[in-house]
Amino acid sequence: MAEQEAEKRVAPLELFFDLVFVFAVTQVTKMMSADPSWEKLGQGMLVLAALWWAWGAYAWLTNYIAADEGVERLLMFVVMGAMLIAALAVPGAFSDNALLFGLAYALARWMHIFIWAEANEAVDTGQAIVRLSRTALPAPALLILAGLVHDETAREALWILALAIDFSGPFVFGVRGFRVSAAHFAERFSLIVIIALGESIVAIGTGIHGDLDSAVLVAAALGLIVACGLWWAYFDTAALAAERRFRDARGHERVRIARDAYSYLHLPLIAGIVLVALGVKTTLAHLHHQLDTVPAVALLGGIALYYAAHVGFRLRSLGSVNPARVVAAAAALALIPLATAVDAIVAVGLAAALTSSLIAYETVRFRDFREQIRHETAA
């Protein structure tokens with residue numbers, strides 16, 4: 001079993017599939033940045049949660065079956081088409097394109113159950129799929145219904161209900177019967193974190209308007225420092241230590257870690273990155289003006305959410321808490337009022353100082369642990 005896991009790698013089709021998710025995440029940022037209000041922020045997070053759950057479902061599927069072979073390859077292309085349509089409809093998911101998004105999204109979610117049932121031969125996994133379908137089938141139907149109603153409050157309520165039902169499935173009915181290849185699963189989620197971080201880099205470019213003067217270049221550099229700090233926080237030791245614990249787990253405990261630490265706790269981590277991208281993009285468009293409350297919350301609140309997700313990820317994976325990241329999350333929240341009182345370029349400077357200071361502290365404070373984790377993993 002260990003040898004099979006070591007040989008399993010993320011297939012090219014999986015990376016190809018992820019490109020649609022990249023575009024969808026970009027669309028979420030576009031949706032929120034067009035009207036950075038509390039309402040659009042909430043709607044953007046709902047759309048991101050739906051997209052994340054769909055992507056996560058296929059991460060589980062491709063971890064279990066060879067989705068790039070046989071008829072499954074063609075079915076995955078169909079899913080990519082549905083997800084592309086849903087991504088195109090994201091900016092209008094709560095307005096003109098609500099029904100289109102619901103139909104495309106439901107097709108992608110229902111195809112997941114169909115492909116898994118079609119490709120599966122194990123009795124235990126078949127029973128697990130049946131349990132999963134109790135929520136995975138009706139929840140997307142509510143998004144179709146949301147596209148048919150015209151009252152926006154009712155539409156948002158249906159979205160919240162649909163996501164609550166869908167997200168509750170693996171927790172309420174459990175994940176017993178599924179099997180997980182730890183190395184492949186951890187790599188899959190690490191790659192999607194990189195993809196999300198890529199959106200923060202894209203936000204730097206799309207947020208720049210006008211000439212490339214010194215202020216713009218400084219702000220772009222500060223935005224890159226923030227992105228590098230977020231990358232370092234995950235990939236330097238956190239992902240490696242969690243993967244080692246994940247690999248060591250056996251049986252149902254391994255599957256539960258996959259559900260809790262990866263499927264559930266990586267969502268706030270990704271949401272934090274997307275919010276930071278929104279904050280950076282808004283900052284670069286208004287360098288010498290004070291940030292409004294929503295962009296300031298996105299920038300520094302996104303960092304706080306990202307670190308809070310790290311705390312939860314470590315607690316579930318390793319059973320311990322990183323106090324430095326708890327402090328960093330609290331500091332990010334405390335800086336929000338200041339970020340609305342200074343120029344936007346200063347606000348992104350505060351974000352860069354916070355993220356880089358945490359990395360500097362952890363690199364010195366946990367030097368021995370860092371070397372141990374990185375060398376053991378490499379070995």
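For the classification of residues used here, Ala, Val, Leu, Ile, Met, Phe, Trp, Tyr, Cys and Pro count as nonpolar, Asp, Glu, Lys and Arg as charged, and the others, Gly among them, as polar. By these classes, the lining of the largest pocket in this predicted model comprises 13 nonpolar, 5 polar and 5 charged residues. The volume of the largest pocket is about 350 Å³. Its lining is formed by 23 residues, and Thr237, Ala238, Arg314, Asn322 and Arg325 lie nearest the centre of the pocket. Two or more lining residues are given by each of α10 (214–235), α11 (238–248), α14 (293–318), α15 (323–334), α17 (344–365) and α18 (367–378). Helix α14 gives the most to this lining, with 6 residues.

The largest cavity is lined by 15 residues, with Trp53, Ala57, Trp60, Leu132 and Pro170 nearest its centre. At least two lining residues are supplied by each of α3, α5 (98–119), α6 (123–136) and α12 (251–264). The largest share, 5 residues, comes from α3. By class, the lining of the largest cavity divides into 10 nonpolar, 3 polar and 2 charged residues.

Trp60, one of the residues nearest the centre of the largest cavity, also takes part in an aromatic pair with Phe178. The structure holds 26 aromatic pairs. In the pair of Trp60 and Phe178, the ring centres lie 6.0 Å apart and the planes stand at 65 degrees, so the pair is edge-to-face. This pair links distant parts of the chain, with Trp60 in helix α3 and Phe178 in the loop between α8 (152–172) and α9 (182–207), 118 residues apart.

Helix packing was described for two pairs. The axes of helix α2 (residues 12–34) and helix α3 (residues 38–64) come within 9 Å and cross at roughly 175 degrees. Helix α2 is therefore roughly antiparallel to α3. On the α2 side, the contact consists of Glu14, Phe17, Asp18, Phe21, Ala24, Val25, Val28, Met31 and Met32. These residues meet Lys40, Leu41, Gln43, Gly44, Met45, Val47, Leu48, Leu51, Trp52, Trp55, Tyr58 and Thr62 in α3. By class, the contact of α2 with α3 has 15 nonpolar, 3 polar and 3 charged residues.

For the second pair, the axes of α9 and α10 come within 9 Å and cross at roughly 170 degrees. The two helices α9 and α10 are therefore roughly antiparallel to each other. Helix α9 contributes Phe189, Ser190, Val193, Ile194, Leu197, Ser200, Ile201 and Ile204, which meet Ala220, Gly223, Leu224, Ala227, Leu230, Trp231, Tyr234 and Phe235 in α10. The contact of α9 with α10 has 13 nonpolar and 3 polar residues, and no charged residues. Helix α10 is also among the elements that give two or more residues to the lining of the largest pocket.

Note on methods
Residues numbered from 1 in each chain as written. Predicted model: local features only at pLDDT ≥ 70, side-chain atom pairs only at ≥ 80, totals over all residues. Heavy atoms only, no water. Axes fitted to C-alpha atoms, helices over the stretch in contact; angles between N-to-C directions. Helix = DSSP H or I, 4+ residues; strand = E, 2+ residues; numbered from the N terminus. Parallel < 35°, antiparallel > 145°, perpendicular 65-115°, else oblique. Contact = heavy atoms within 4.5 Å. 1 Å grid on protein atoms, 1.4 Å probe; cavity = no way out; pocket = protein on both sides within 12 Å on 5 of 7 lines; lining within 4 Å. Points joined across faces, edges and corners; volume = space filled by probe spheres on them. Phe/Tyr/Trp six-rings, centres within 6.5 Å; stacked < 30°, edge-to-face > 60°.
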